[in-house]
Amino acid sequence: MTGFVDLRNVRLSYGSSEDATLALDDLSISVRQGEFAAVVGPSGCGKSTLMKLATGLIVPQEGTIEVAGHEVSGPVSVAGMAFQNPSMLPWRSTLSNVMLPLEIVQPHRARLRSQKAAYTRKAEELLELVGLGGFGDKFPWQLSGGMQQRANLCRALIHDPALLMLDEPFGALDAFTREELWQVMRDLHAEKRFTVILVTHDLREAVYLADKIFVMSARPGTIIREKAVTFDRPRPIDLIYEHDFNEIVHELRDLIADARTVS
Amino acid sequence: MTQSRWITAAPWLWTVGLFVMWELVVRLFELPVYILPAPTDIWAAIVKYWSPIWKNSVQTLFTTVLGFLLAVVGGLALGLAIGWSRAIYAGLYPLMIGFNSVPKVAVVPILVIWFGIGTIPAVLTAFLIAFFPIVVNVATGLATIEPEMEDVLRALGARKMDIMLKVGIPRSMPYFFASLKVAITLAFVGSVISETVAANSGVGHMMLAAQSQFNVPLVWAGLIALAVLGIVMYAIMAWLEMRLTGWAHRGNQG
């Protein structure tokens, strides 16, 4: 199997050899290019560790990780990341926050100064796309939580990453805002066709957004089920009230409940 | 008057009130001037000795500001170094705490042996005492970068220098400017200590000379001069802080 992101038999423990905590054991996942994958599991199962592995922030003790056909040994610059905490820099305007990755990633870094206008337009278009048109001049702390999270998505996408890594990005939002942002995410993915790995504990979020869901066991984390979700796209938000949808949510819920009792 | 005008007027009212109380207490209990001179006596001394007070205040202000500026440069540099590297942090921190625990008045004799009495020991004492809070605050600002932010940037291939320039240093600026307010008042403590122990000029020296002549109102006039200098310098630092890191004080912008 060769996907865009491949983790094969990955094993990772934290701490020194004697009192090490085994976080992930014999974990394998494969995500095709352009696919929307979600990872769900009981809390503490190592979902966030998975994110760091796939982006090369940490290196596993055993197993191999490949992203875009290259074995990962250090940070991969093809990835954009967004966490639950929007972590906007309060001294920068929203627009300037969104453009931050362009100051880091090549080749944008070298071009940013000479093509400032074009890049600014691109950032404004992206803000427009997530419903933040005209808010670029505002400071992040002048925005609501949902708006900050939209800006956070823009920042993760501004350098056109081939891979988007999301770690519970909508976890801290109220239910209505969350559903709105699911649709924003759905539309962004439909338009830009990047590969996504979404780590979440919200099963409805996973089923609504993903093509494929990986269910993890309790620590040490490993994949206990891979579930394909085949609803047609674009998916209307009303889908989450339909019987087939809830069937899948239930199935996942039972799996995770089992995984919790075993531990 | 409205609530906000009361608040604007409050510092002046309280200050005037304090001096009126002071005057009343002195008059009421007929305190002798060598115990506690009344504000009017102090004011008379200020008028009478205006020229030496002014000259010595300028000297103290000069040594204080010079020592403070050295502390800003040194504190910023060391704070950045400590925040940058855990090895530098681990190595220097205990040393710095030990160094900070030494009362600076005990260092003045050594400075006098090296540099003689006068301006240089005063500048250096101000520097030594003002330097520590700046280092600690800058290092704290750097050490408390959100790990998510660091991950986001590292995943983009950011080098340590990028993270420092884009996040660490701007982030530590509110801490830095807050420490300046503490540092400038400490710098006055340092320079005046040194002037009292070993100097031929400065407010500290003037007060010591006045005390030996039992000119108690002039001693108090020296204190008032120091308080005024301290308030002015503090206000300048607070203004700088607002101007340069207004984003950290949202209430005033949002």
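Let's start with contacts along chain A. Take the contacts with a separation of 6 or more: 71% of them join residues 24 or more positions apart. Keep in mind that this is a predicted model.

Now the overall build. Chain A has eight helices and ten strands. Its C-alpha trace spans about 55 × 45 × 35 Å along the principal axes. Does the radius of gyration of chain A agree or disagree with a compact globule? It agrees: for 263 residues a compact globule would come out near 18 Å, and chain A has 19 Å. As for burial, 43% of the 263 residues in chain A are buried.

Next, one element: helix 5 of chain A, residues 145–157. Length check. It has 13 residues, and at 1.5 Å a residue these should span 18 Å. The end C-alpha atoms sit 19 Å apart, so the two values agree.

Last, the partner chain. 20 residues of chain A are in contact with 19 residues of chain B. On the chain A side, 14 of those residues are nonpolar, five are polar and one is charged.

Key:
Residues are numbered from 1 along each chain as its sequence is written. Chains are lettered from A and ligands numbered from 1 in the order in which they are written. This is a predicted model: local features need pLDDT of at least 70, side-chain atom pairs count only at pLDDT 80 or more; totals for chains, interfaces and linings use all residues. Helices (H or I, at least four residues) and strands (E, at least two) are DSSP runs, numbered from the N terminus. The expected span of a helix is 1.5 Å times one less than its number of residues. The radius of gyration is taken over C-alpha atoms; the globule rule is 2.2 Å times the number of residues to the power 0.38. A residue is buried if 20 or more other C-beta atoms lie within 10 Å of its own, exposed if 12 or fewer, and partly exposed in between; C-beta atoms are placed from the backbone. Two residues are in contact if their C-beta atoms, placed from the backbone, lie within 7 Å. Ala, Val, Leu, Ile, Met, Phe, Trp, Tyr, Cys and Pro count as nonpolar, Asp, Glu, Lys and Arg as charged, and the others, Gly among them, as polar.
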